[in-house]
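Thanks for coming. I will talk about charged side chains that pair up. Please look at the structure on the screen.

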Amino acid sequence: MSKSPLHAFFVGRAIAEGVYEQLENVVTNSLSTLGKFDAEQRENLRSFIEQALERADREAQTENNISNSSNLNDQPKDLQAIIDDLRAEVAQVRSELQKYRSGSV
């Protein structure tokens, strides 16, 4: 009879140790999986932010190139318009000067 309670104690102890080991494995695997998931999500977020910044830089550079080229194109047009206006004014002054000279002679 004394053997039976002692045997039950060791069986209970073995079961408790087995459950503890299984629980330890489950918790360890769960934490490992959670850590991997967290690392993957951080990497995905970093990659997404990097891509977004690269896209923004490309668009800004494209916008600057368009802006610079339009400014360069606008400037000669404005300069050409000024030159044309000055030529027209010079021609008008010459015409008026010729009228003045022909009228006073």
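Arg-46 and Glu-50 sit four residues apart in helix H1, about one turn of the helix. Helices here are DSSP runs of H or I with at least four residues, and strands are runs of E with at least two, numbered from the N terminus. This is a predicted model, where local features need pLDDT of at least 70, side-chain atom pairs count only at pLDDT 80 or more, and totals for chains, interfaces and linings use all residues. Residues are numbered from 1 along each chain as its sequence is written, and side-chain values use heavy atoms, with hydrogens and water left out.

The side chains of Arg-46 and Glu-50 form a salt bridge, 2.8 Å from N to O. The term means a side-chain nitrogen of Lys or Arg within 4 Å of a carboxyl oxygen of Asp or Glu. Arg-46 has a relative accessible area of 42% and Glu-50 one of 40%, so both are partly exposed. For that scale, buried is under 20% relative accessible area, exposed is over 50%, and partly exposed lies in between (1.4 Å probe, protein chains only).

Which residues are linked in a network of salt bridges? They are Glu-43, Arg-46 and Glu-50.

Next, Asp-38 forms a salt bridge with Arg-42, with the closest N and O atoms 3.1 Å apart. Asp-38 and Arg-42 are separated by about one helical turn, because they are four residues apart in helix H1. Asp-38 is partly exposed at 35%, while Arg-42 is exposed at 58%.

By the salt-bridge rule, the count comes to four.
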